[in-house]
Amino acid sequence: MQTITPEEFFTDPKWQNNVLLDVRSPGEYATGKLSAAQSLPLFSDEERARVGTLYKQESPDAALLEGLDIAGGKMRQLVELARQLAPDNRVVVHCWRGGQRSGSVAWLLERAGMEVVKLAGGYKAARHYIRQYLAEDRHQLSVLSGPTGSGKTPVLLAMRQRGAKVIDLEGLANHKGSAFGAIGELPQPTTEEFENQLFAALRAIPEGSQVWVEDESRLIGHVYQPDEFYDRLIAAPVVVLEQPLDWRVDRLVELYGSYPKEDLGQSFERIRKRLGGQHLKAALEALEVNDYATAARIALVYYDKAYEHYGERRKGTIVARVMADSPVPDAIAQQVLAGGGSR
């Protein structure tokens with residue numbers, strides 16, 4: 001049976017048509033998976049725990065026999081599901097460390113007539129490669145910055161429509177990056193899963209390309225950007241968006257005004273210490289009478305101070321300031337691409 005390294009799998013085009021099968025338990029898969037990996041669990045979470053307990057408390061042999069008992073009744077199911085997931089019968093199989101689980105499933109699928117390749121070192125080795133990749137300067141990062149309410153994400157997405165290479169960090173994190181950022185979003189991925197998806201997004205862009213990202217703090221909601229990548233982000237050249245305060249207020253009202261007041265109030269409570277009791281009280285009162293603009297202006301007092309403080313700490317050089325001629329994201333995108341630090 002052929003074995004390939006994670007680097008070979010990710011970089012050699014010959015493996016692109018092989019379906020990647022992850023035979024770890026559903027819980028392991030949910031915590032973090034390789035991009036495009038399909039779940040084909042040999043054990044359930046409970047079964048994995050039982051085998052692991054036997055391994056530690058009794059012996060490796062006892063664990064092996066228990067694993068055989070569990071897997072024996074699943075062999076037909078595994079083959080049938082694998083054939084559904086990989087109609088061309090070409091697969092790459094991995095578990096956590098490239099050990100007995102992937103070896104067993106690979107053996108079974110090979111006997112069932114499939115063309116099987118095993119990933120050396122499993123998911124653990126692949127994760128090591130991903131972290132190493134994120135630390136390397138394979139792309140020219142450019143950062144789009146600007147105070148809260150500047151509409152950086154819509155502008156970046158409009159830039160993408162115009163052909164720019166863009167990584168939407170907030171989209172990958174399912175969070176808009178502030179105390180209000182979880183409102184209206186899907187549950188956040190784990191940090192591990194975020195790193196995997198960031199790697200996949202970067203790998204899809206030709207090396208050497210200019211890649212635009214939004215100016216983010218290390219923490220996006222509860223997801224941490226990997227240190228290696230974040231160090232590159234804060235050192236990258238910066239283009240700053242500038243526009244009237246009224247436009248920013250209008251954008252925040254449009255973005256958040258349709259969400260439940262309770263959710264908005266809870267988000268204001270999260271910044272109570274920085275906002276101050278009087279400002280918090282005024283913001284909550286404004287929400288009660290549907291005066292979302294006043295509430296947004298109060299929030300911006302806090303966020304503008306935080307943005308100014310963050311700007312003093314970042315390492316990147318500001319290469320351009322773009323004064324928006326229009327609040328429309330596509331118009332701003334056109335301005336940025338026309339003179340906003342393209343290299």
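User: Which helices each supply at least two residues of the lining of the second largest pocket?
Analyst: Those are helix H3 (45–57), helix H4 (60–72), helix H5 (75–85) and helix H6 (100–111). Helices here are DSSP runs of H or I with at least four residues, strands are E runs of at least two, and both are numbered from the N terminus. Keep in mind that this is a predicted model, where local features need pLDDT of at least 70, side-chain atom pairs count only at pLDDT 80 or more, and totals for chains, interfaces and linings use all residues. Residues are numbered from 1 along each chain as its sequence is written, and side-chain values use heavy atoms, leaving out hydrogens and water.

User: Where does the largest share of that lining come from?
Analyst: From H4, with seven residues. The whole lining has 28 residues, and Phe43, Val51, Gly99, Gln100 and Arg101 lie nearest the pocket's centre. A pocket is an open set of points on a 1 Å grid over the protein atoms alone, where a 1.4 Å probe fits, with protein on both sides within 12 Å along at least five of seven lines; lining residues have an atom within 4 Å of a point.

User: What's the volume of the second largest pocket, and what is its lining like by class?
Analyst: The volume is about 860 Å³, meaning the space filled by probe spheres set on the points. The lining has 16 nonpolar, seven polar and five charged residues. Nonpolar covers Ala, Val, Leu, Ile, Met, Phe, Trp, Tyr, Cys and Pro, charged covers Asp, Glu, Lys and Arg, and the others, Gly among them, are polar.

User: How do H5 and H6 pack?
Analyst: At an angle of about 70°, with their axes 10 Å apart. That makes H5 roughly perpendicular to H6. Axes are lines fitted to C-alpha atoms, for helices over the stretch in contact, and angles run from 0 to 180 degrees between N-to-C directions. Under 35 degrees counts as roughly parallel, over 145 as roughly antiparallel, 65 to 115 as roughly perpendicular and the rest as oblique.

User: Which residues make the contact?
Analyst: Met75, Leu78, Val79 and Ala82 of H5, with Trp107, Leu108 and Leu109 of H6. Contact means heavy atoms within 4.5 Å. By class, this contact has seven nonpolar, no polar and no charged residues.

User: Switching to sheets: what order do the strands E1 to E5 take?
Analyst: They form an open sheet in the order E1-E5-E4-E2-E3, with parallel pairing. Strand E1 (2–4) and strand E3 (38–39) are at the edges with a single partner strand each, so one side of each has no neighbour in the sheet. Two strands pair if DSSP finds at least two bridges between them.

User: How many bridges does E2 make with E4?
Analyst: Four, between E2 and strand E4 (residues 90–94), in the parallel sense. Valine 19 has valine 91 in E4 as its bridge partner. Strand E2 (residues 19–22) also pairs with E3 in the parallel sense, over two bridges, and leucine 21 stands opposite glutamine 38 in E3.

User: What about H13 and H15, at what angle do they cross?
Analyst: The axes of helix H13 (residues 261–270) and helix H15 (residues 277–288) come within 10 Å and cross at roughly 175°. That makes H13 roughly antiparallel to H15. The residues of their contact divide into six nonpolar, one polar and three charged.
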